[in-house]
Amino acid sequence: MNESLRLIYNGRAVACSDIPCCDQDRFLQTILDMTGRGWRVSSYCGFPADEATTLYCLLASPGDGVLGIMQTVCNGTEFPSLAVQCPQLQLFEREIAEQCGIRFVGHPWFKPVRFVRSAVSGRDAWDRPDGQPLQVGVMEYYRVEGEEIHEVAVGPVHAGVIEPGHFRFQCHGEQVFHLEISLGYQHRGIEQLLANGPHPQTLRQMEAIAGDTSIGHGLAYCMVLESLSKTRPPAAAHAVRGIALELERLANHSGDLGAIAGDVGYLPTSSFCGRIRGDFLNMSAFICGSRFGRGLLKPGGTVFGLDQAQREELQKRLATARLELTSAIELLWSTPSVMSRLEGTGVVSPETASELGLVGPAARACGLKRDVRSDYPFGIYRMAQVPIITAHHGDVCSRSTVRWQECQKSLDFCVEQLRQLPSGAHAADLGTLQPDQLVVALTEGWRGEICHLAITGPDGRFKQYKVCDPSFHNWQGLAMALRNEQISDFPLCNKSFNLSYCGFDL
């Protein structure tokens, strides 16, 4: 094991003084060594203070449930880039550059991420004047030149009712050579709002990081506070949280399968799944009053429990939803014209997925066994295992298959937890947050790994807080899925990933 890393576990706080502080060469070499052994970069972030910036790198082991973290100090305004040797770092480095004003020397495509000013006044990685207004998406784009080459620009205003993003396609006829994606239109400064927290509104803000992942992000935040205060939620709370997380997965997977069917013009499954998605959302509302599960969680447990009548009602609804969803999806699989559009479209190879550090169903569709519920189990998943579903072709069909099979496992999980729900309290009192601690909380949202990293100061309040939504890892995967595809396949590929704009923009 590399001595530069402090080994930690999901949801367990450690003293900040126990985090090794390496020199720059050792820090960078450790990243290369560990990623070369199959480890993955879960988070890489910088926190500026005065003239120096502290960089933290969180690495995830491939199979033994262990995380490794280390830090280094950048005293200047430049730092070596590892993006060429380790592509999964490229976006992290650009984010640090933007937030801390550090130029990453040797980065192959060094550009802003969200088009915001750095936290250090007067320091900008691109030497932009302080008085110059920053316009989102205004930058140099990758360009392919040649006879019959043309460029297609889409967005940020979208024809549908979705979030804004800008897409540039370099095409030869219908064939896409390259897709570049520019986001940042939804930046709300979520992480800046967390400074010196937690505040009374912090949990509500966490639930709104990505509106369709309220439970995933809210649960990670609750785990952070419980670890820092050494609070142990009751068993019933763990079970209800797990049910809510799986209902969130069921609603989004069902909706996306219907959207994929709609994009290939197969309206029966599209129509059925649109309605069934609403049924799963209504089950969340049945528990807590919110279709997106907002207001269910609280640090220390849950606001609501489930009595016997509610459990029986939910089991009936789940049984009905299972029958209807199965019928709708079987229609999809049994229609040859649909399958011919899904198979072989938007392929991402396992090698590319591994190099980019993809997570969630997008990674599992490429054969990568990555799932926080089994790799770094938390809450109820320490007692109840959910099988990892994988596919091997990395195309739209594989991503759809993974989502459907995950729906079945989530239904099994919910039914089992409702059947044997522990009795007793569903919340515990939260203790005092410990000072000078670092904690990492990982959950498996429906898009994949959600990572919250928090550091407390001497007063026990948040000194630093870093959020990494699974979309941050996966947007580049969508770009690679379009290589050499028809541009008309973009909506279909996009739906099969269905990444979050606001979760990325924060």
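Strand β11 (residues 175–182) is mostly covered, with six of its eight residues buried; buried denotes under 20% relative accessible area, exposed over 50%, and partly exposed the range in between, for a 1.4 Å probe and protein chains only. The model is predicted, so local features need pLDDT of at least 70 and side-chain atom pairs count only at pLDDT 80 or more, whereas totals for chains, interfaces and linings use all residues. Residues are numbered from 1 along each chain as its sequence is written, and side-chain values use heavy atoms, with hydrogens and water left out. Helices (H or I, at least four residues) and strands (E, at least two) are DSSP runs, numbered from the N terminus.

Strand β10 (residues 166–172) runs antiparallel to β11, and seven bridges join the two; strands are taken to pair if DSSP finds at least two bridges between them. Within this pairing, F169 stands opposite L179 of β11. The two strands form a hairpin with two residues between them, and G173 in the turn has a positive phi of about 65 degrees.

G155 is located in the loop between β9 (149–154) and β10. G155 is partly exposed, with a relative accessible area of 29%. Contact here means heavy atoms within 4.5 Å; with residues up to four places away in sequence not counted, G155 touches G165 and H166. The C-alpha atoms of G155 and R168, 13 residues apart along the chain, are separated by 8.9 Å.

## Aromatic pairs and charges over rings

Rings of Phe, Tyr and Trp (its six-membered ring) pair if their centres lie within 6.5 Å; planes under 30 degrees apart count as stacked, over 60 as edge-to-face and the rest as tilted. The count by this rule is 17 aromatic pairs. In one of them, the ring centres of F167 and W475 are 6.3 Å apart and the planes meet at 50 degrees, so the pair is tilted. Because F167 lies in strand β10 and W475 in helix α14 (residues 470–481), the pair ties together parts that are 308 residues apart in sequence. Both partners are buried: F167 has a relative accessible area of 3% and W475 one of 4%. Ring pairs also link F167, F169, W475, F490 and Y501 into a cluster.

A charge sits over a ring if NZ of Lys or CZ of Arg is within 6 Å of the ring centre and within 35 degrees of the ring normal. The charged end of K111 is placed over the ring of Y141, 5.3 Å from its centre. R114 lies over the face of F504, at 5.4 Å from the ring centre.

## The largest nonpolar core

A nonpolar core is a set of buried Ala, Val, Leu, Ile, Met, Phe, Trp, Tyr and Cys residues joined through side-chain atoms within 4.5 Å. The largest such core has 147 residues, of which F27, Y44 and F280 touch the most other members. Helix α6 (residues 235–263) gives the most to this core, with 11 residues. Leaving aside neighbours within four places in sequence, F27 has contacts that include C22, Y44, L55 and F79.

R241 is found in helix α6 and is buried, with a relative accessible area of 3%. Among the residues that R241 touches, not counting those up to four places away in sequence, are E226, P233, K298 and T302.

S500 lies in the loop between α15 (490–497) and α16 (501–505). S500 is likewise buried, at a relative accessible area of 1%. Beyond its neighbours within four places in sequence, S500 is in contact with E163, A210, R447, D469, S471 and W475.

## Cysteines

The structure holds zero disulfides, a disulfide being a pair of cysteine sulfur atoms within 2.5 Å. For C21, the nearest cysteine sulfur is that of C22, 6.8 Å away. The sulfur of C100 is 8.6 Å from the closest cysteine sulfur, in C45, which is too far for a bond. C100 counts as buried, at 0% relative accessibility.

## An open sheet of four strands

Four strands form an open, antiparallel sheet in the order β2-β14-β15-β16. The edge strands, β2 (14–15) and β16 (462–468), each pair on one side only. Two bridges join β2 to strand β14 (residues 437–445) in antiparallel fashion, and A15 has Q437 of β14 as its bridge partner.
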